[in-house]
Amino acid sequence: MDAQAWEKVDELIDKNQTKTIKDLFAEDPKRAERFSLEAAGWFLDYSKNRIDAATMKALVKLAEKANLKAEIEKMFTGKKINATEGRAVLHTALRNLDPKAKIKVDGKDVMPGVRKVLAQMGDFADTVRRGQWKGWTGKRIKYVVNIGIGGSDLGPVMANIALTPYAKRSLKFFFVSNVDSTHLAETLREVKADQTLFIVASKTFTTQETMSNAEAAKAWLVKELKDKKAVAKHFVAVSTAAKEVADFGIDTKNMFGFWDWVGGRYSLPSAIGLSLMIAIGRTNYKKLLRGYYKMDRHFRTARFERNMPVILALLGILYHNGYGAESYCVLPYDQYLSRFPAYLQQMDMESNGKCVTKDGEKVTYTTGPIEWGEPGTNGQHSFYQLIHQGTHLIPCDFIGCARTHNPIGDLHDKLMANLFAQTEALAFGKTAEECRKEGVDEKLVPFKTFEGNKPTNTLLTDELTPETLGALVALYEHKVFVQGVIWNVYSYDQWGVQLGKVLAKGVLSDLVAKKPSGRHDASTNQLIARYRRAVGR
């Protein structure tokens with residue numbers, strides 16, 4: 001992060017310490033209009049933040065000093081910006097709907113391959129949705145079980161729930177990720193073998209959790225249908241490992257590939273989204289891609305002062321690095337977006353949870369805020385107390401839809417009233433004097449006073465559709481990218497998840513061995529011994 005550019009931001013923070021959001025609104029009658037914009041079907045009101053024009057100008061300068069424009073172009077044009085793994089970062093190519101687009105990696109245009117896989121997915125989804133794909137006994141598919149983990153699970157789960165109104169209701173979708181046997185066992189209790197399609201999502205077909213669950217599911221299927229050949233009628237693969245897929249018993253004609261320039265947490269618009277395409281159909285899936293594409297174009301072309309992902313990123317940096325906010329909260333006021341915060345957790349924290357710069361030096365500032373959230377209004381009766389009157393500064397993003405897919409009485413009006421009221425309460429609070437005017441007993445005044453001055457962003461769309469969902473996901477993807485550029489970290493590797501995986505293999509061998517090696521630390525050896533006694537080894 002450029003020290004000189006940040007110094008200017010810091011100066012403005014100090015200068016404006018005594019000004020509250022309430023003061024800023026009083027000074028500028030047009031503030032709400034000034035700090036709002038629209039892009040790709042979404043309206044962003046960021047006026048309830050601790051900012052003025054000078055602060056935003058200084059933050060934009062921070063982005064410019066980080067050569068953000070050039071970094072954006074590197075990503076969109078296939079440069080290998082994931083340098084520690086020597087890979088391009090081209091999830092934007094997956095949703096590039098320009099029929100003339102050419103994007104080269106190592107001299108080869110990737111777009112023909114992208115279009116081919118998309119067409120293959122569409123053709124397959126059609127056969128399942130129309131009942132033309134038959135199981136081993138000749139019955140049509142009724143249940144679809146996606147087996148994956150991380151990005152191969154979180155994206156499809158989130159999007160399938162989000163787009164439930166567009167799904168084929170006669171099909172039932174399940175997602176198995178956890179290697180805890182309960183996850184698979186409870187799913188298998190809900191399905192019938194002769195009507196179930198399993199999608200195994202693993203690029204290398206070696207991911208421990210995914211393949212362990214897949215092997216267990218295969219064993220169950222063979223036991224139920226009493227023939228190993230049934231596997232080919234009930235399993236397909238999202239992978240590039242043809243030999244391993246064939247060895248598993250899957251016909252490689254039913255293997256849907258993707259590329260090493262697709263990061264797991266950015267892979268929803270790739271073949272990883274196969275379960276979603278089966279659910280909503282190829283037409284709606286293309287609308288999802290169109291939403292991504294619209295936000296991609298906005299991000300790539302809009303000037304930073306009017307660029308939605310850039311603005312969200314800069315505000316996040318302002319609070320994280322300037323005000324010491326360790327976390328931020330995402331609060332979707334739409335039940336269909338119930339898994340969106342969990343999806344963002346991986347996107348954000350796996351991307352920017354880094355402690356070294358691109359030069360391999362220790363960072364001298366904090367990176368990677370903790371992301372969390374829950375749908376409204378549930379959160380209001382859970383953790384909002386801490387946000388309103390606690391000792392932590394927690395910036396919040398509120399997400400809402402003007403229209404609901406399920407109008408029942410005045411429920412949606414009440415939902416949206418709560419959304420707007422919460423941002424108002426957080427920004428403006430309630431003073432002790434206001435409490436007294438309301439007749440609050442003096443002893444209770446300290447408890448009923450709200451400090452306010454809590455920053456929020458509000459994102460509104462007319463309706464949650466495939467297109468607006470795609471744009472929303474792309475918005476946060478690019479926000480994370482911008483913050484990684486400014487912090488000068490590599491956002492597209494995740495070496496931090498590897499050590500535990502490697503050590504787990506050694507621990508596993510000790511859990512099942514006739515005699516454990518004892519080569520671990522005293523605590524781990526003790527835990528292994530206790531486990532072995534409990535299971536009778």
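1. A salt bridge is a side-chain nitrogen of Lys or Arg within 4 Å of a carboxyl oxygen of Asp or Glu. By that rule, the side chains of Arg-130 and Asp-126 meet in a salt bridge, at 3.9 Å from N to O. The model is a predicted one, in which local features need pLDDT of at least 70, side-chain atom pairs count only at pLDDT 80 or more, and totals for chains, interfaces and linings use all residues. Residues are numbered from 1 along each chain as its sequence is written, and side-chain values use heavy atoms, with hydrogens and water left out.

2. Arg-130 is exposed, with a relative accessible area of 56%, whereas Asp-126 is buried, at 15%. Here buried means under 20% relative accessible area, exposed over 50%, and partly exposed in between (1.4 Å probe, protein chains only). Both residues belong to a network of salt bridges that links Asp-123, Asp-126, Arg-130 and Arg-282.

3. The whole structure holds 30 salt bridges. One of them joins the side chains of Lys-61 and Glu-64, with 3.5 Å from N to O. These two residues are 3 apart in helix H4 (residues 53–65), and so are separated by about one helical turn. Helices (H or I, at least four residues) and strands (E, at least two) are DSSP runs, numbered from the N terminus. Lys-61 is partly exposed at 43%, and Glu-64 is partly exposed at 36%.

4. Asp-251 forms a salt bridge with Lys-253, their closest N and O atoms being 4.0 Å apart. Asp-251 is partly exposed, at 32%, while Lys-253 counts as exposed, at 65%.

5. A search for disulfides (pairs of cysteine sulfur atoms within 2.5 Å) finds 0 in the whole structure. Cys-396 is in no disulfide, and its nearest cysteine sulfur, that of Cys-329, is 4.8 Å away. Cys-396 is buried, at 1% relative accessibility; Cys-355 counts as partly exposed, at 43%.

6. Two charged patches deserve a look. Patches are made of residues with over 30% relative accessible area and no salt bridge, like charges being joined within 9 Å and nonpolar side chains (Val, Leu, Ile, Met, Phe, Trp, Tyr) within 5 Å. Glu-7, Asp-10, Glu-11 and Asp-14 form a negative surface patch. Glu-7 is found in helix H1 (residues 3–15) and is partly exposed, at 47%. A patch of positive charge gathers Lys-142, Arg-169, Lys-172 and Lys-192. Lys-142 lies in the loop between helix H7 (111–129) and strand E5 (143–147), and is partly exposed at 33%.

Methods: Areas by Shrake-Rupley, 256 points an atom, 1.4 Å probe, with all protein chains shown as cover. Lys, Arg positive; Asp, Glu negative; His and termini not counted. Charge placed at Lys NZ, Arg CZ, Asp CG, Glu CD.
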